[in-house]
Amino acid sequence: MAPTLHRQTDRQTDRQTDICPSGKSVADFGNSKTSVSPEQRWPGFLFFRAEGYMSVRTKLILMFAGIAMLVGIGASFYVIYDHWIEADEHAARHAEGSARAFAFAMVSEDLSANSTPIYKSPVQLQNFITDLHAKLKQDIELVDTQKKILGDAIPEDVGTVLDHDSNDEVGQTIRDGITRTLIETSADYPQGIRQIAVQVKTKQGEVVGALLLEYTNVYDEHIADAKREMLYFYMEALISVFMVSLIGFWFARSITNPILKLAKASGEMAAGNLDVIVEVASKDEIGDLATAFNNMVESRKLAEKKARESENRFRKLFENSNDAIFINDAETSRILDVNERVLKNLGYTREELLAMRVTDIEATLPDKFSWENHMRELDAAGFMLLEGRHRRKDGVVFPVEISVRNIQAEEKKFNLAIVRDITERKKAEEKLLESRKTIESVLNATTDALFLIDAAGNILALNETTAGRLAKKPGELIGSCIYDHLPPAIAQARKAYVDEAMRTGKTVRFEDEHNGEWLDNSIFPISDEQGKLVRAVIYGHYITDRKNAEKELKEKSANLERFNRHMVGREMRMLEMKKEVNDLLERLGEPKRYEWTKEGESS
C-alpha cells in the first residue's frame with residue numbers, strides 16, 4: 001500500500017505540485033524508471049517527515065505501546081483507588097476498634113464495692129487519656145451528650161464545648177450511635193487531623209456521650225503501605241509496556257517490511273515500470289495483497305496494451321474517416337485536433353488549423369458571443385445536428401452538415417464535431433426541387449384527375465384537378481385517405497379495384513360515376529426496390545361529355561329504329577298489293593300493270 005500523496009508549495013511560482021511517494025511530481029512519471037523507498041529517504045525504524053508523515057510501523061508500535069499504557073493507566077487508576085480506599089477503610093476500622101475499646105474501658109466498673117466508672121472521675125479520666133496519648137501518640141476526647149469536653153489530651157480544653165463539630169457529626173453519633181469519621185481543622189491542628197467518633201453508653205444502655213479518637217498516624221501508615229504497593233505496580237507496568245513495545249516492534253516489522261516492498265513496487269509501477277514483481281512469502285492477507293498487486297500489474301500491462309491498440313484503431317478511424325472531425329475547446333472554441341479530411345476540405349495545414357478557432361472557419365458563428373450561445377444550447381440539448389457554412393483557405397464558402405456534442409474528460413469540456421461536405425447534396429436537392437416543380441407543372445397541365453396513393457389509400461401526391469373535384473386544395477389532401485372523401489359505396493368499390501391491382505400487379509381499368517360526372521379510371525401499381533407493390537397511380541379521365549353523347553345517340557337510334565320498322569311494314573304491304581294486282585291481271589289475261597326493278601322495287 002503506497003503512502004498518501006502530500007502537497008508542497010513552490011514559493012517561487014506560487015503553485016501547488018503533487019508529490020508522489022517516490023519524491024517525483026506527476027509530470028515526472030513516465031520519464032523515470034526508478035523510485036526511492038521510505039527506508040532510503042527516512043532511515044531508522046521510525047519514519048517521520050516534517051510534513052507529518054508517519055510510517056505504518058511507527059503507527060503499529062505506538063498502537064501496541066498505547067494499548068499497554070492505556071491498560072497500565074486504567075489498572076493504575078484501579079489500584080490507586082482500590083489501595084487508597086482500602087488503606088482509608090483499614091485505618092478507620094482499626095481506629096474504630098480502638099475507640100470502642102477505650103469507650104468500653106471508660107464506662108466499665110471494677111469488682112470492688114466502691115468502684116466507679118472512669119468517665120465519672122475527672123482525675124482518673126484525664127490520667128487515662130494522658131497515658132493513652134503518651135503510648136499511642138493519638139489524641140482522645142470524651143464529650144457528654146451536650147458535647148461538653150469531659151477529658152482531652154489537651155487538658156486546657158477540658159470543660160469547654162466541642163467547637164470543631166460544625167456539621168454536628170458528633171452530635172448525630174451521640175443520638176443515633178452510628179460511628180462517623182471527620183477531619184478536625186482548628187488552631188491546635190491547622191493541617192487537620194482525622195478523627196473517629198463512637199457513641200459511649202453504659203451496660204444499662206445509658207448514653208454518656210461520644211469518644212473521639214484521632215487516628216492520623218494510623219491512616220498515614222496504611223497510606224504509606226499503599227504507596228509502596230503502587231510503586232511496585234508502576235515498575236511492573238513499565239516493564240510490561242516495554243515488553244509489549246518490543247513485541248509490537250517485532251510484529252510491526254513483520255507487517256511493514258512487506259508493505260514497504262509493496263510501496264516501493266507501487267512507486268516503480270507509477271513511474272511506468274510494469275515489469276516490477278513483489279515477492280512476499282507470507283501466507284496471510286499481506287501475501288494475498290502482494291498476489292493481488294502482481295495481478296494488478298499484469299492486468300495493467302494488458303489494459304495498456306489494449307489501450308494502445310484501441311488508440312491506434314481510433315487514430316486510424318479518426319484519420320481515415322470520410323467525414324471531417326474536429327476536437328475543439330468547448331470554452332474558447334480553439335481547435336485542438338483535426339483529421340486528414342479537414343485538411344483536404346479546408347486547404348489549411350494542421351499547424352495553421354491548430355492555431356485557429358472554430359469561429360475563424362464557420363461563417364455562421366462570427367464571434368465569441370455566438371459561440372457561447374451555441375455551447376449553452378448544445379449543453380441543454382446534449383446533441384445537435386445542424387447545417388453550417390465553412391470557409392476554405394481560398395475564401396470559398398461551402399455548405400456542411402455538422403453532428404456535434406460536448407464531452408467531459410479529465411475535468412475539462414471538449415467539443416466533438418463531425419462535419420460532412422453537403423455541396424453535392426445541396427445541388428441534388430436543388431435539382432430535385434426543380435424536378436418536383438416540373439412534375440407538378442406536368443401534373444397540373446392535364447384536366448384529368450391524377451394522384452398517387454399508398455397501399456392503404458393515403459394520398460402521397462395529386463394535381464389541382466383532383467383537389468378541385470374534391471372541393472379542396474392540394475395541401476389539404478396530402479396525407480389523408482382518399483376513401484374518406486368519397487361516398488361509402490364508391491369508396492368500397494374503388495378500394496376493391498386498388499386491392500386487385502396491388503394483389504395482381506396488373507393495371508385495372510374501370511368506369512364509375514360520382515356527382516353526375518363520369519370517369520374512366522386506370523390504376524397502375526408501383527413496386528419498390530425489392531419488387532414489393534407499395535403504391536399506385538390512379539388516372540381518371542373525364543368522360544361525362546362522351547357518356548352524355550352516347551346516351552343521346554342511343555336515344556336517337558332507338559327512335560330511328562322505331563320509324564324504320566313503321567315505314568318498312570307499309571312498303572311491304574304496298575308491294576304485296578301490287579303483286580296481287582299483277583297476278584289478278586295475269587289471270588284475266590291482261591298485261592301486268594307494275595314492273596319490278598333489280599332492287600326489288602315496283603315501277
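I looked up Asp 379 and found it partly exposed, at 41% relative accessibility (buried is under 20% relative accessible area, exposed is over 50%, and partly exposed lies in between, with a 1.4 Å probe and protein chains only). This is a predicted model, where local features need pLDDT of at least 70, side-chain atom pairs count only at pLDDT 80 or more, and totals for chains, interfaces and linings use all residues. Residues are numbered from 1 along each chain as its sequence is written, and side-chain values use heavy atoms, with hydrogens and water left out.

Next, I checked the partner of Asp 379. I found a salt bridge to Lys 413, with the closest N and O atoms 3.0 Å apart (a salt bridge is a side-chain nitrogen of Lys or Arg within 4 Å of a carboxyl oxygen of Asp or Glu). Lys 413 sits in strand S12 and Asp 379 in helix H10 (residues 368–381), 34 residues apart (helices are DSSP runs of H or I with at least four residues, strands are runs of E with at least two, numbered from the N terminus). I noted Lys 413 as partly exposed too, at 32%.

Then I turned to Asp 323 and Arg 420, whose side chains meet in a salt bridge of 2.8 Å, N to O. Asp 323 lies in the loop between helix H6 (285–320) and strand S8 (324–329) and Arg 420 in strand S12 (residues 412–421), so this pair ties together parts 97 residues apart in sequence. I read Asp 323 as buried at 15% and Arg 420 as partly exposed at 43%.

My last pair was Lys 147 and Asp 165, a salt bridge at 3.3 Å. Both residues are buried.
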